[in-house]
Amino acid sequence: MCGIVGYVGSRQAQDVLVEGLRRLEYRGYDSAGVVTLHDEDLKTVKTVGKVAVLMDALSRTPLRGTVGIAHTRWATHGEPTNENAHPHLDCRGTIAVVHNGIIENYVVLKRELESRGHQFRSETDTEVVTHLIEEYAQSMSFSDAFFAAIDQIVGTFGIAALCVTEPRKIFVARRGSPLVLGLGVHRDEFFIASDPSAILTYTRDVIYLEDDEAAIVSENGVETFSLDHLKKEKRVEKIEWSLEEIERGRFPHFMLKEIFEQPKVIVDATRGRLDAKNGQSVLGGLSDVAERLRDVERLTIIACGSAHLAGAIGEYMLEEYAGIPTEIEIGSEFRYRRPIIDPKREAVIAVSQSGETADTIGALREAKGKGALAIGLVNVVGSTIARETEAGIYTHAGPEIAVASTKAFLAQLTVLSLLTVFLGRQRSMSQATGQRIIEELAVLPEKIERILAQNDRIKIFAKKYAHYSSALFLGRKYNAPVALEGALKLKEIAYVHAEGYAAGEMKHGPIALLDKSFPVVAIVTKDSVYEKMRSNLEEVRARNAPILALASEGDDEILRLTDDVLYVPRTIEMLSPILNVIPLQLFAYHMAVARGLDPDRPRNLAKSVTVE
Ligand code: M6R
C-alpha cells in the first residue's frame, strides 16, 4: 500500500528519499513521486511504475534541496497516472502534500474548494488536503492552517506536507495510517516514514506517532502534538531489526529467503516460552490478564487473509485442546455484522502480521467497544493492534518483506499453539499433553529443514504444473485451512485460479470442475482423517484429474493414487499445518518463477492493507 518518506538535514534529500522509496517497494504501489524544496521553490518529479522509473527520471532532472518528501502510491481514487501520483501541489505551487489512507469526505470538500476558485489537477482524494491548507493559509500561519485542514478531514490519513513559507519544516499528521519519525545519527537530520524499514539505513532511533497525533519535523528536532495542536511529549524507541533482515542476501527473492528462514522463525517464536518440564507455555505478554483469561468461556479470532487462515487453524487447536468454544471471523465482516459479545466471558484475539490491517483494527475496535477482553497476536512491535490490545503475544518472525505471507503465517501458527497450551493448561489439558506439544514444537525446526531440502524437487513439480491455469487444493480438519492457504499463495503470486476446499465439501460442488486439465493438490498426511482423505482422492482419480499429493514420510501406499508425491515428516496432528504449508509455499513460489512472474511484487496487492 502507499508509502511515505521525508527528510530534512544536510544531505541532498533526493538520495535519501529515493533510497527510502526503494525500501518501501515491497509494500505494493503503482506510481511514485518526490518533491524537494530549494531556493523557495518546490520541484516535483512523478512517474508511473516502479521506483526505477522514477530514479531514471531523476537522473535526467535531479532535484536539489536538503528537505523533501516522497511517496509510492497504490491507486484508490483515480488510475495510476503522473497527475494522480503524489505529491500534490496547491494552485500556486507553494504547498506539497503526500498522503496514505482515504479521505472519505473529499467530494464535499472538493466541491466547496472548487466553488472558491481552487483548480484541481488530479482525480485523487488527497489533492483536497493541499487546497484546504492553501485556503486556510490565506488567513493564518501555515502551521495553524495545517491543523485546521486536518480537522476538516473525515477518514484515514498519514500525511506529510511541505510549504515554501516554512522551508525547513515537514508537517505530519496521523489517523489510521502509520507514521514514524527518525532521529538521525547526525544531530541535524530527521526522517519520516510510513514504515521504519524506509529509514533503517540512517537511524534506529524513532518516535512512533499514534492515531490523532501530529508533528513538526525540522533540522532542530521534532515537536509532537495532538491533532488539536497541543504539545505532547513522546518517547524515543529503538528499532530492533538489523539491515540484514530487510535485505535479500544470497536469495533471488525475499519470498524464498523468508521461506528458508522458517526453522529460525519457530526458534524465535518459542524462545523462552517452552516449559517442557511442566508441559506449559510461558507467555509473559499475557501475565496481566491471566486470571481474566481463566474465566473466559468463548474466544473470537479476528483477522484477514493468511492471518485469517492461521486463525482458522487456531480455532481447531483451541477447541480440541483448550476446550474453549472459538469462532474465527473475517475482520471486514465482523465489524459490520453487529456481533454479539459477552463482555464478562469473551476474549477477542486479533491476529495480524503488520498490526496495521484496517479491517482487523476496525473489528478489534468493534469488539472492544462491546467490552471484550482484547488480545493481540502481532508481528510488528509497536503497531496499532499491538498498542490497542490489553495484552498480547508477539510472533517475532522478523520483518516480512515479500507481499505473500510465509514466515509470518508460520509464526502465527506457532504462537497459536503456544496459546492453546497456555489456555488448555488453565483448564483441563493434562501435563502430559502439554509436554507432548511443547516437546514437539522444539523439534519442528529440524523437521522443517528436511522439507526445505526438497526445494529442487518441488521446483521440478512446479515446472510440470506451471501450464495449468486452475487448481483445487484439498485438505481436511487442521489441513483444510492449509489447503486454502496453499491456494491463496498460488493465486496471489502465480495468478493461477486456485480454490481451496475442505475435501469433504468437494462432492458438494467443485468436483464438477475436475477433469484431466484441472489438477488437485491434496494434503493427505497421516492423521485422524487420513482414510477419509484417501477416499476423496479416489474420487478425484476417477475423474482423471492430475494429483500432486503431500504425504507423510514412508507412506508408499499413496503412490497407488499418484506419482507426484511430496513427503513431509510426521508430527502431531495439531502441529501438522506448520509443516504442511511449507511445500505449498515453495510450490507457489516456483510456479510464479516458472510462469515468468516476480513473486515479491504481485500485481494489485499491497503488503499491509491499511484501507478498508
Ligand atoms: O498484516 P496482516 O497479517 O493483518 O495482513 C493480512 C492480510 O492482508 C495478509 O495475510 C494477506 O492475505 C497476504 N497477502 C497473504 O499472503
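Author: Gln-262, Val-265, Ile-266, Ala-269 and Thr-270 of α7 touch Lys-407, Leu-410, Ala-411, Thr-414, Val-415 and Leu-418 of α13, where contact means heavy atoms within 4.5 Å. By class, that makes 7 nonpolar, 3 polar and 1 charged residues (Ala, Val, Leu, Ile, Met, Phe, Trp, Tyr, Cys and Pro count as nonpolar, Asp, Glu, Lys and Arg as charged, and the others, Gly among them, as polar). Mind that this is a predicted model, so local features need pLDDT of at least 70 and side-chain atom pairs pLDDT 80 or more, while totals for chains, interfaces and linings use all residues. Residues are numbered from 1 along each chain as its sequence is written, and side-chain values use heavy atoms, with hydrogens and water left out.

Now the geometry. Helix α7 spans residues 262-270, and its axis and that of α13 are 9 Å apart at about 35 degrees (axes are lines fitted to C-alpha atoms over the stretch in contact, with angles from 0 to 180 degrees between N-to-C directions; helices are DSSP runs of H or I, at least four residues, numbered from the N terminus). Their crossing is right-handed, meaning the near helix is turned clockwise from the far one by less than a right angle.

Helix α13 (residues 407-426) also packs on α14 (residues 431-452), at about 165 degrees with axes 9 Å apart. The two are therefore roughly antiparallel (an angle over 145 degrees). On the α13 side, the residues in this contact include Leu-410, Thr-414 and Leu-418, and on the α14 side Ile-437 and Leu-441 are among them.

Conventions. Parallel < 35°, antiparallel > 145°, perpendicular 65-115°, else oblique.
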